[in-house]
Amino acid sequence: MRQNTALVLEGGSLRCMFTAGVLDAFLDWKESFGCVAGVSAGSLSGINFVAGQRGRTERVNVRFVNDDRYLGMKSLLRHRSIFNFDFLFGEISDELEPFNRETFLNSPTRYVAFTTDIQTGESVAHEKGVSEDILLAARASSSMPLLAPIVRVDGRLCLDGGMAMPVPYRWPMEQGYEKLVVVLTQAEGYRKKPVTGTMARVIARRYRRYPALVESLLTRPERYNAQREEIESLAREGKLFIIRPDRPVTVSRVEKDVGKLLSLYREGLRVAASQRGALMEYLNA
């Protein structure tokens, strides 16, 4: 295990299929890290990686993406969540695509899921072995605003961690990790567009009781773009290593096209393989 190295995983909902390919390549190489820090869908991918379950992220999404028990408007109407996390952490994890909880919980790898505290708008780190329920924290980290209910975890009301901290690379740096491997789910040069006036009004109305959350949502594109620029600058300085798609990603957050999902997964495998030499040089320097 590379104790001095942290693996940082961006979110992006079903764009995490790219991340799944990268992480499965790491498992093939028997690469492990001292810490895995994930936000939103990155936190879910990270759970399977820490549990050592190669292919599970890919299998779950491909098998159930067109199952309305897992994803879609029926889930949103029935459970107030576009993704049915009760089904994911319940029947899927218990029976249909079993999750190895014991391996995950007993792994020596630090695992941290980041959420957004909706009352303060601040990023919150929930760590395995410290959080009252780390799987609930991962659920909260992946609960998209407007498309999922608020989750209470570790005494806080939380939603998608990507609002406050789009890519959680600063936390492991502050924790003293000497090497960072950052897996992004958008290609080089990608930048978020400002929130439209219509969407801003929807957000303000829906979360009028939580002004800090509204502010976080409205300013997220600006902060995301600034973080991407800083990450790219740090990579040029050799202070972290980026793995990301090498072409624009056309997979949507709730993509239903299985072919596109599989293509993005295979791209993750391919890009990881193409960068293996450079990655090993960085890690071993």
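**Burial and overall form**

I looked up burial first: of the 285 residues of the protein, 57% count as buried. I note that this is a predicted model, and every value here is computed from it.

I then took the accessible surface, which comes to about 12500 Å². Carbon and sulfur atoms hold 49% of that area.

For secondary structure I found twelve helices and eight strands. The radius of gyration is 18 Å, close to the 19 Å that the globule rule gives for 285 residues, so I put the protein down as being as compact as a globular protein of that length. Along the principal axes I read a span of about 50 × 40 × 40 Å for the C-alpha trace.

I also checked how far along the sequence the contacts reach. Among contacts between residues at least 6 apart in sequence, 74% join residues at least 24 apart.

**Aromatic pairs**

I searched the whole structure for aromatic pairs and got 14. One of them is Phe26 with Phe33, with ring centres 5.5 Å apart and planes at 55°, a tilted pair.

Next I looked at Tyr190 and Tyr224. Their ring centres lie 6.0 Å apart. The planes meet at 80°, and edge-to-face needs over 60, so I logged the pair as edge-to-face.

Where do the two tyrosines sit in the chain? Tyr190 is in the loop between strand E7 (179-183) and helix H9 (197-206), while Tyr224 belongs to helix H10 (residues 211-236). The two are 34 residues apart, and the pair links distant parts of the chain.

I checked the cover on each. Tyr190 has 27% relative accessibility and counts as partly exposed. Tyr224, at 1%, is buried.

I also traced a cluster joined by ring pairs. Its members are Phe64, Tyr70, Phe83, Phe85, Phe87 and Phe89.

**Charges over rings**

I went back to Tyr224 to see what else sits at its ring. The charged end of Lys192 is over that ring, 5.0 Å from the centre.

Lys179 lies over the face of Tyr282, 4.5 Å from the ring centre.

Terms used: Residues numbered from 1 in each chain as written. Predicted model: local features only at pLDDT ≥ 70, side-chain atom pairs only at ≥ 80, totals over all residues. Heavy atoms only, no water. Phe/Tyr/Trp six-rings, centres within 6.5 Å; stacked < 30°, edge-to-face > 60°. Helix = DSSP H or I, 4+ residues; strand = E, 2+ residues; numbered from the N terminus. Buried < 20%, exposed > 50% of the residue type's maximum accessible area, 1.4 Å probe, protein only. Lys NZ or Arg CZ within 6 Å of the ring centre and 35° of its normal. Rg over C-alpha atoms; globule rule 2.2 N^0.38 Å. Contact = heavy atoms within 4.5 Å. Areas by Shrake-Rupley, 256 points an atom, 1.4 Å probe, with all protein chains shown as cover.
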